[in-house]
Amino acid sequence: MYNTKKIVRNILGDKCSKNYSKKDIDSVELSGKRKCDFCGKEAKYDGKTQNGKWAYMCNDCFQMNGLGLGVGLGQRIKYK
Ligand SMILES: [Zn+2]
């Protein structure tokens, strides 16, 4: 039960630490590799899914589950 709170806090902390660039609002730079929340492959996108939750997604899963790119929708992940 208590683990859920911890996970939520980790997710929020992760979102806050992202470095948004004004030049390219459709992408986000991350220092560490992220895995696709659906299949476990390397994530290429961080975006909203059809069930309203945000997830890291690889190309295939983004095409299937993502809503698109843009503010409030999703971003392409750039690895530093
Ligand atoms: Zn995937």
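Biologist: Which residue of strand 5 is the bridge partner of Asp46?

Modeller: In this predicted model, Asp46 has Gln75 of strand 5 as its bridge partner.

Biologist: What makes strand 3 and strand 5 a pair?

Modeller: Pairing requires at least two bridges. Strand 3 (residues 45-48) and strand 5 are joined over three bridges, so they meet the requirement. Their sense is antiparallel.

Biologist: How do you know that strand 2 and strand 5 pair, and in which sense do they run?

Modeller: Four bridges join strand 2 (residues 27-30) to strand 5 (residues 74-79). The requirement is at least two, so these strands pair as well; they run parallel. Within this pairing, Glu29 has Lys78 as its bridge partner in strand 5.

Biologist: Where do these strands fall in the order of elements along the protein chain?

Modeller: The chain has two helices and five strands, arranged as α-β-β-β-β-α-β.

Biologist: What makes Cys36 a contact of Cys58?

Modeller: Cys36 counts as a contact because the C-beta atoms of the two residues lie within 7 Å. Leaving aside neighbours within four places in sequence, Cys58 is also in contact with Cys39, Lys41, Glu42, Ala43 and Lys44.

Methods. Residues numbered from 1 in each chain as written. Predicted model: local features only at pLDDT ≥ 70, side-chain atom pairs only at ≥ 80, totals over all residues.
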